[in-house]
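Good morning, colleagues. Please have the sequence and the coordinates open while I speak.

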Amino acid sequence: MPEGHTIHRLALDHRSRFEGERVRVSSPQGKFADGAALIDGHVMTRAEAHGKHLFLGFGQDRWVHVHLGLFGKLGFGATPAPPPTDTVRLRLVNATAYADLRGPTACALITDAEKHAIHDRLGPDPLRPEDDGSRAWQRISRSRTTIAALLLDQKVIAGVGNVYRAEVLFRHRIDPYRAGRDLTRAEWDALWADLVFLMAEGVRHNRIDTVRPEHLPEAMGRPPRVDDHGGEVYVYRRAHQGCHICGSEIRTAGLAARNLFWCPGCQPGTGGG
DNA sequence: ATTCCATGATCAG
DNA sequence: TGATCCTGGAATC
């Protein structure tokens, strides 16, 4: 389940398996059959990520644009590939490896120009070395929208999802309901720097861990609880449980059609009221 | 067996 | 704000 770190990790995974090699491309499910036929047998020249978007390059002016959405998954394996199930939208195969894509929001063949248009509408990505947070700050510092909503707006900052949103706000003791324009530049710079760090760790370990072990009370014992999403977190999906730091009950509320989680003790403010 | 829910995003109204 | 698209695992009946 994908936030930006997942997509960047997938770009690396595609490079190591397919870059520079001819790839058999098919769409067992059929929804990408036409696109697959056009690039079947071509060399994968590049694999890139920006935010939650994955771009697989097949020669000049041809990219497969993949967006996993909420349900999409990419699974890798060694050849021989098993018979595909009927939900496999895209299958890539070379001599040694295969990749199966299921349930994506987007899987389409696009041109350079279309790819550029996608980059243009995305904000800076903490995982792209050439990006920095100042462009995001231009928007945030002028916005009356809550910082929680801004962090999920991919035009503002690309790659942050519901877990990183909740966790980074907790780590910086920021009330999710504060307006963007009420943040200080120093607060934003610290949030950005932390996202750069946390998301790089996410790529490396292929999961989201945000808890500093020394923060966990002795009483919890080690190893600490691992959330059923697979990583160690402070507040995400811990509604009505005790905060690891102050013991307050973690709160939850809907915000922009997503579930928000925060600690009213560590992140003081209006809490939406 | 059925419903619910999820680390996403778009579109209509 | 709500409906909708995509899949699969967990919870519930």
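Predicted model: local features only at pLDDT ≥ 70, side-chain atom pairs only at ≥ 80, totals over all residues.

How much space lies in the largest pocket? The figure is about 900 Å³. Its lining comprises 33 residues, and those closest to the centre are M1, P2, E3, G69 and L70.

Which elements contribute to that lining? At least two residues each come from helix α1 (4-18), strand β5 (73-78), helix α6 (162-171) and strand β10 (258-262). Of the elements, α1 gives the most, with five residues. In terms of domains, both domain 1 (4-121) and domain 2 (134-262) supply at least three residues to the lining.

I turn now to strand β6, residues 88-93. Is this strand largely enclosed or largely open? Five of its six residues are buried, so β6 is largely enclosed by the rest of the structure. For reference, buried here means under 20% relative accessible area.

With β1 (residues 24-26), the pairing is antiparallel and runs over three bridges; here R24 has V93 of β6 as its bridge partner. With β7 (residues 97-102), the pairing is again antiparallel, over five bridges, and L92 stands opposite A99 of β7.

A word on annotation. The unreviewed UniProt entry assigns residues 1-99 to "domain: Formamidopyrimidine-DNA glycosylase catalytic". Over that range, the model has 22% helix and 33% strand, with the end C-alpha atoms 16 Å apart.

Finally, the backbone geometry. The peptide bond between T79 and P80 is cis, with omega at about 0°. P80 is placed in the loop between β5 and β6.

Which phi values are positive in residues other than glycine? R173 is one of them, with phi near 60°, and R237 is another, with phi near 55°. R173 sits in the loop between α6 and α7 (185-205), whereas R237 sits in the loop between α7 and β9 (251-255). Each is partly exposed: the relative accessible area is 49% for R173 and 41% for R237.

That concludes my presentation, and I welcome your questions.

Conventions: Residues numbered from 1 in each chain as written. Chains lettered and ligands numbered in written order. Heavy atoms only, no water. 1 Å grid on protein atoms, 1.4 Å probe; cavity = no way out; pocket = protein on both sides within 12 Å on 5 of 7 lines; lining within 4 Å. Points joined across faces, edges and corners; volume = space filled by probe spheres on them. Helix = DSSP H or I, 4+ residues; strand = E, 2+ residues; numbered from the N terminus. Domains from an automatic or database assignment. Buried < 20%, exposed > 50% of the residue type's maximum accessible area, 1.4 Å probe, protein only. Pairing = 2+ DSSP bridges. UniProt positions renumbered as here; feature names shortened; annotations may be inferred.
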